[in-house]
Amino acid sequence: MTAAPEKIPVTVLTGYLGAGKTTLLNRILTEGHGKRYAVIVNEFGEIGIDNDLIVESEEEIYEMNNGCICCTVRGDLIGVLQKLLRRPGRFDAIMLETTGLADPAPVVQTFFMDEGVRERTTLDSVVTVVDALHLPLRLADGSEAGSQLAFADVVLVNKTDLVSPQQLADVEHSIAHINPYAAVYRTRQSDIDLSRILAIGAFDLERLDDADRFFARDHGDAGHVHDEHCAHRHGHDAAPQHLADIVSVSLQAGEIDGNLFFPWIHKLVDEQGERILRMKGILALQGEPRKYVIQGVHMIVESEHQRPWGENQARTSRLVFIGRGLDAAALGRAFEHCQA
Amino acid sequence: MQTLSRLDLGSACLAAGYIADMAYFVAADGVMHVSGPDGRQARRLHEGDILAVERLPAGGLLSAGEDGRIVATTAQHTSCLAQAGNKWVSALAVAADGAIAYGVGRMVWLQEVDGSWSRHPQARSVEALAFDPAGRTLAIGLYDGVALHARGQDGPPRLLPWKGVPTRMSFSADGRFLMLAMRGPELHGWHLDAPRHFRMLGYPGPVTDWSWTPDGRWLATNAAAGAALWSFDADAGPIGQPPLELGARPQHGVTAVACHPRQPWVAIGYADGAIVLESLEGDRRKIIGQAGRDRLAALAWHPDGAQLAYGSQSGDCGAILVN
């Protein structure tokens, strides 16, 4: 019996027009880092060179029903991936570029909802490119820039040479207000070290187990870009302006009673799923020696047991949400009520 | 089981059939392999993978590839009919008189027999195409329904609304019904005279292969434990009727079907590479044997009904004699 073939990692590249996605994509395609990419874009534009496997795909969003979960997916991607994956030996990974106006949710949800896609691919990360000069305008004009940041695992703040240090600090404040958990990098001409955005396993539940790397961002660890004034969580805003209506909520508790937690979380995503953009957590379940990791996008939730808690590790439960119109206090109380 | 030929395509077999007396096998990687009394030949149809294949009524096939080319292949030669450009061609159809249609994004291109082209923009992406048997109507399968375009006429198409993504479509022989295989595990159908629509549920997975009997009375489909055949005899066709189920092998499942060109039999291919012939008229079954090494993706009869070509997911293909 042969082992199942490895799943092809997919990186979603988002960000508004002009921020620097194309430059980044071209760098990924041309730099010699040993990997071959298939690229899916909305329009060719000036991407790539001959021989690159580039597919132009027209966005077709439709509602998909999967048991009791109903959400939107990119139907066109399902078709393109089906065809690309007939001969997977031609590429090592897939780059998927969305349009500047795109809500990342349907793209991300496609990788959870379609069985064929799930079997053969794995979502690696969402990389959002913004530029320091225009981000404030994009956040203020109600475009999808806010969602694109909320969904990000990595944010590239590009064109930093075009703004003053204060403007840059304000931009980074705004980003942190929306999404304190993304790794944020400053770039010029999208000059990021590619190892920071490729093959990072941001949706890998096994990696979520590593609490220090992820949740510690709350407390200004080395992965942060903020200064010591960062306090953009729990609904309190220390940033200069509310430029987007998205907030992040970070909850902490001790040991959790699964009999209380699971009904609560399922009811929560059922009722408020539309407003929850992303959710991640590590739980210390009563009577369970292994860490329990959970992540979600809108109404889709996946979770599993991971490695056991270390002997010297505190059995602390953490849960974070990024979304719109979330009642941080109510969420906090409800989470506390789930304690054992 | 008498094997006439056996070959390995090197990539998945997308289609099999016969040109003249030769069995052909279309590989996903863009190469067509032909095997006949004179030996074997491999012909590259496209630079890059093949995305869609359809049979030409006069013999041969029409294919679209990642290279953006629409290619017609006959026994003697290969000719490029059109260049679609950057986007992938998602659907192809051929009319009985040889007119062709292809879909790219939200555009349908239609080439008449005199070689002239027309463009027909659609509201949503084109996922499937089919001409009716008379060749007068082109059905355009879109994301939220089917647009019926009357060939040679301007004016808006007739819309048949239904939410879902069709992957292939086919008219019944009398043109009264239009069947759609959907991306989900179901068939959808339109009784065009009425118009009324209907669904066939209960498939464990999506229907990816089907075959009409030559008299048009039955549509055989894959995807279940046995071949499910829908009857189109009655006025209301298959509506309200359970399917005839043949050759159930629940452990493996049906992956390819081909109705015999002359007799009321259907060849059924399974996920383990086995082939069985089932009679539509009674409890008669002929076990052909273990033809392929793995999941059968294509089955096709020689027009004389004495030979069967098969192609599998891995590219393991061949032709067998059947008596």
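# A chat about chains A and B

Visitor: Let's start with Lys159(A): what is its relative accessible area?

Guide: Lys159(A) has a relative accessible area of 26%, so it counts as partly exposed (buried is under 20%, exposed over 50%, partly exposed in between, with a 1.4 Å probe and protein chains only). This is a predicted model: local features need pLDDT of at least 70 and side-chain atom pairs count only at pLDDT 80 or more, while totals for chains, interfaces and linings use all residues; side-chain values use heavy atoms, leaving out hydrogens and water. Residues are numbered from 1 along each chain as its sequence is written, with chains lettered from A and ligands numbered from 1 in the order in which they are written.

Visitor: Thanks! Where is Lys159(A) found?

Guide: Look in the loop between β8 (154–158) and α7 (165–178) of chain A. Helices (H or I, at least four residues) and strands (E, at least two) are DSSP runs, numbered from the N terminus. Phi of Lys159(A) is near 60°, a positive value in a residue other than glycine.

Visitor: And what about phi of Ser190(A)?

Guide: That one is positive too, about 55°, although Ser190(A) is not a glycine. Most residues other than glycine have a negative phi. Ser190(A) sits in the loop between β9 (183–186) and α8 (205–208) of chain A, and it is buried, with a relative accessible area of 0%.

Visitor: Which residues does the cis peptide bond join?

Guide: Ala194(B) and Pro195(B), with omega about -20°. You'll find Pro195(B) in the loop between β20 (187–191) and β21 (196–200) of chain B.

Visitor: Switching to rings: how many aromatic pairs are there over all chains?

Guide: The count is 13. Rings of Phe, Tyr and Trp (its six-membered ring) pair if their centres lie within 6.5 Å; planes under 30 degrees apart are stacked, over 60 edge-to-face, and the rest tilted. Take Trp264(A) and Phe335(A): their ring centres are 6.3 Å apart and their planes at 35°, so this pair is tilted.

Visitor: Why does that pair tie together separate parts of the sequence?

Guide: Trp264(A) is in helix α10 (residues 258–272) of chain A and Phe335(A) in helix α11 (residues 328–337) of chain A, so the parts tied together are 71 residues apart in sequence. Trp264(A) is buried at 16% relative accessibility, and Phe335(A) is buried at 0%.

Visitor: What sits over the face of Tyr270(B)?

Guide: Arg249(B), at 4.6 Å from the ring centre. The rule wants NZ of Lys or CZ of Arg within 6 Å of the ring centre and within 35 degrees of the ring normal. In chain A, Arg138(A) lies over the face of Tyr16(A), at 5.8 Å from the ring centre.

Visitor: Now the two chains together: how many residues of chain B are in contact with chain A?

Guide: 19 residues of chain B are in contact with 19 of chain A (contact means heavy atoms within 4.5 Å). The chains bury about 1,700 Å² between them, 49% of it on carbon and sulfur atoms. Buried area is the accessible area (1.4 Å probe) that two parts lose on being put together, summed over both. Lys87(B), Trp88(B) and Arg183(B) supply 34% of what chain B buries against chain A, more than any other three residues.

Visitor: How many salt bridges cross the interface?

Guide: The rule finds six between chain B and chain A, a salt bridge being a side-chain nitrogen of Lys or Arg within 4 Å of a carboxyl oxygen of Asp or Glu. Asp49(B) and Arg87(A) meet in a salt bridge, 2.6 Å from N to O.
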